[in-house]
Amino acid sequence: MVDHSATAPFAHLENSDFLNYLYHHCPRVQQQYLIAKPNHHLSDRQIADEYRVSRAAVSQWRRGVITRAHQLRAKMKGEF
């Protein structure tokens with residue numbers, strides 16, 4: 001997984017490491033979201049179509065990923 005939005009090489013590496021860490025600490029549906037959004041640049045509608053789910057389900061996946069990311073960052077106390 002790669003964060004293409006990072007501008008500095010160190011930030012790029014740090015964000016990529018965190019995304020990989022986050023990926024391995026999320027349920028499968030959230031992992032699907034993490035693959036589809038940053039790697040394939042799909043919109044939520046495209047993700048819903050790809051996985052044959054509602055846009056509300058994709059929104060729930062996104063909120064879950066964000067919540068999990070905040071939990072992991074807090075647990076790691078900014079080490080990433």
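Biologist: Is Gln30 buried or exposed?

Modeller: Gln30 counts as buried, because its relative accessibility is 12%. Here buried means under 20% relative accessible area, exposed means over 50%, and partly exposed lies in between, with a 1.4 Å probe and protein chains only.

Biologist: What kind of model is this, and how are residues numbered?

Modeller: This is a predicted model, in which local features need pLDDT of at least 70 and side-chain atom pairs count only at pLDDT 80 or more, while totals for chains, interfaces and linings use all residues. Residues are numbered from 1 along each chain as its sequence is written, and side-chain values use heavy atoms, with hydrogens and water left out.

Biologist: Where does Gln30 lie, then? And which residues does Gln30 touch?

Modeller: Gln30 lies in helix H2. Leaving aside residues up to four places away in sequence, Gln30 touches Trp61, Gly64 and Val65. Contact here means heavy atoms within 4.5 Å.

Biologist: Let me step back. How many helices and strands does the chain have?

Modeller: The protein chain has four helices and zero strands, and its pattern along the sequence reads α-α-α-α. Helices (H or I, at least four residues) and strands (E, at least two) are DSSP runs, numbered from the N terminus.

Biologist: What share of the chain is buried?

Modeller: Of the 80 residues of the protein chain, 32% count as buried. As for contacts with a separation of 6 or more, residues 24 or more positions apart account for 49% of them.

Biologist: Back to Trp61. Which residue forms an aromatic pair with Trp61?

Modeller: The count comes to one aromatic pair. It joins Tyr51 and Trp61, and it is edge-to-face, at 5.9 Å centre to centre with 70 degrees between the planes. Rings of Phe, Tyr and Trp (its six-membered ring) pair if their centres lie within 6.5 Å; planes under 30 degrees apart count as stacked, over 60 as edge-to-face and the rest as tilted.

Biologist: Which helices hold those two residues?

Modeller: Tyr51 lies in helix H3 and Trp61 in helix H4, so the pair ties together parts that are 10 residues apart in sequence. Tyr51 is partly exposed, at 30% relative accessibility, whereas Trp61 is buried, with a relative accessible area of 10%.

Biologist: And how far is Arg28 from Trp61?

Modeller: Their C-alpha atoms are 9.8 Å apart, although Arg28 and Trp61 are 33 residues apart in sequence. Arg28 lies in helix H2 and is exposed, with a relative accessible area of 63%.

Biologist: New topic: how many salt bridges are there?

Modeller: The count comes to two salt bridges. A salt bridge is a side-chain nitrogen of Lys or Arg within 4 Å of a carboxyl oxygen of Asp or Glu. Lys37 bridges to Asp44, with the closest N and O atoms 3.2 Å apart. Asp44 and Arg62 meet in a salt bridge at 2.1 Å, N to O. Asp44 lies in helix H3 (residues 44–51) and Arg62 in helix H4 (residues 55–76), so this pair ties together parts that are 18 residues apart in sequence.

Biologist: Which residues make up the network of salt bridges? Are they buried or exposed?

Modeller: Lys37, Asp44 and Arg62 are linked in a network. Asp44 is buried at 16%, while Lys37 is partly exposed at 30% and Arg62 is partly exposed at 27%. Asp44 also touches Tyr33 and Val58, not counting residues up to four places away in sequence.

Biologist: What volume does the largest pocket have?

Modeller: Its volume is about 210 Å³. On a 1 Å grid over the protein atoms alone, a pocket is an open set of points where a 1.4 Å probe fits, with protein on both sides within 12 Å along at least five of seven lines; lining residues have an atom within 4 Å of a point. Grid points are joined across faces, edges and corners, and a volume is the space filled by probe spheres set on the points.

Biologist: Which residues lie nearest the centre of that pocket?

Modeller: Of the 14 lining residues, Leu19, Leu22, Leu34, Val65 and Ala69 lie nearest its centre. Helix H1 (9–23), helix H2 (28–36) and H4 each give two or more residues to the lining, and H4 gives the most, with five.

Biologist: How do the lining residues divide by type?

Modeller: They divide into nine nonpolar, one polar and four charged. Ala, Val, Leu, Ile, Met, Phe, Trp, Tyr, Cys and Pro count as nonpolar, Asp, Glu, Lys and Arg as charged, and the others, Gly among them, as polar.
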